[in-house]
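Welcome! Please take a moment to look over the sequence and the model before reading on.

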Amino acid sequence: MALQGNIVTFATEIIENQYIKVEDVTVTKTTLNVSVGYYDSKSESDNGKPPYEVTHYNGVPYSLSGDNPLVQSYEYLKTNKYTDATDV
């Protein structure tokens with residue numbers, strides 16, 4: 001599960017067509033803390049290369065009765081942060 005799309009780096013540089021992957025999720029009863037890694041390609045991630053940048057989203061809404069935390073993390077990212085990204 002991952003996304004493919006454009007990102008804005010910490011240096012405010014726009015990089016197109018990046019592989020966007022949830023690296024880590026921590027869960028409380030009502031929120032998620034999500035770490036998202038950026039890669040130039042899926043093969044870099046698959047081969048164990050670390051992401052060139054990681055962004056953290058804290059306080060993401062979470063529902064105990066909803067899908068698993070990873071699915072909820074991707075749904076949040078697709079609807080709030082990477083709206084033009086596609087599932088890959």
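Here is a short tour of the sheet, a helix and one tyrosine.

This is a predicted model, in which local features need pLDDT of at least 70, side-chain atom pairs count only at pLDDT 80 or more, and totals for chains, interfaces and linings use all residues. Residues are numbered from 1 along each chain as its sequence is written, and side-chain values use heavy atoms, with hydrogens and water left out. Helices (H or I, at least four residues) and strands (E, at least two) are DSSP runs, numbered from the N terminus.

- Five strands make an open sheet in the order 4-3-2-1-5, with antiparallel pairing.
- Strand 4 (53–61) and strand 5 (86–87) stand at the edges with a single partner strand each, so one side of each has no neighbour in the sheet.
- Two strands count as paired if DSSP finds at least two bridges between them.
- In a regular strand, side chains alternate between the two faces of the sheet.

**Strand by strand**

- Strand 1 (residues 3–8) and strand 2 (residues 14–27) run antiparallel and are joined by five bridges.
- Within this pair, I7 has I15 as its bridge partner, and V8 stands opposite I14.
- The two strands form a hairpin with five residues between them, and T12 in the turn has a positive phi of about 60 degrees.
- Strand 2 is also joined to strand 3 (residues 31–39), by eight bridges and again antiparallel.
- Strand 2 and strand 3 form a hairpin with three residues between them, and Y19 stands opposite Y39 of strand 3.

- Helix 2 (residues 69–81) lies across strands 1, 2, 3, 4 and 5, running at about 140 degrees to strand 2. Axes are lines fitted to C-alpha atoms, for helices over the stretch in contact, and angles run from 0 to 180 degrees between N-to-C directions.
- Its 13 residues reach 17 Å from first C-alpha to last, close to the 18 Å expected at 1.5 Å a residue (1.5 Å times one less than the number of residues).
- At the start of helix 2, a side-chain oxygen of N68 comes to within 2.9 Å of the backbone nitrogen of L70.
- V71, Q72, S73, Y74 and L77 are buried in helix 2 (under 20% relative accessible area, with exposed over 50% and partly exposed in between; 1.4 Å probe, protein chains only).
- The buried residues of helix 2 pack against strands 1, 2, 3 and 4.

**A look at Y52**

- Y52 sits in the loop between helix 1 (42–46) and strand 4.
- Y52 is partly exposed, with a relative accessible area of 35%.
- Leaving aside residues up to four places away in sequence, Y52 touches I7, I15, Q18, Y38, Y39 and D40 (contact means heavy atoms within 4.5 Å).
- The side chains of Y52 and Q18 make a polar contact (2.7 Å). Such a contact is a pair of N or O atoms within 3.5 Å; within protein, one must be able to donate a hydrogen and the other to accept it, and residues adjacent in sequence count only if both atoms are side-chain atoms.
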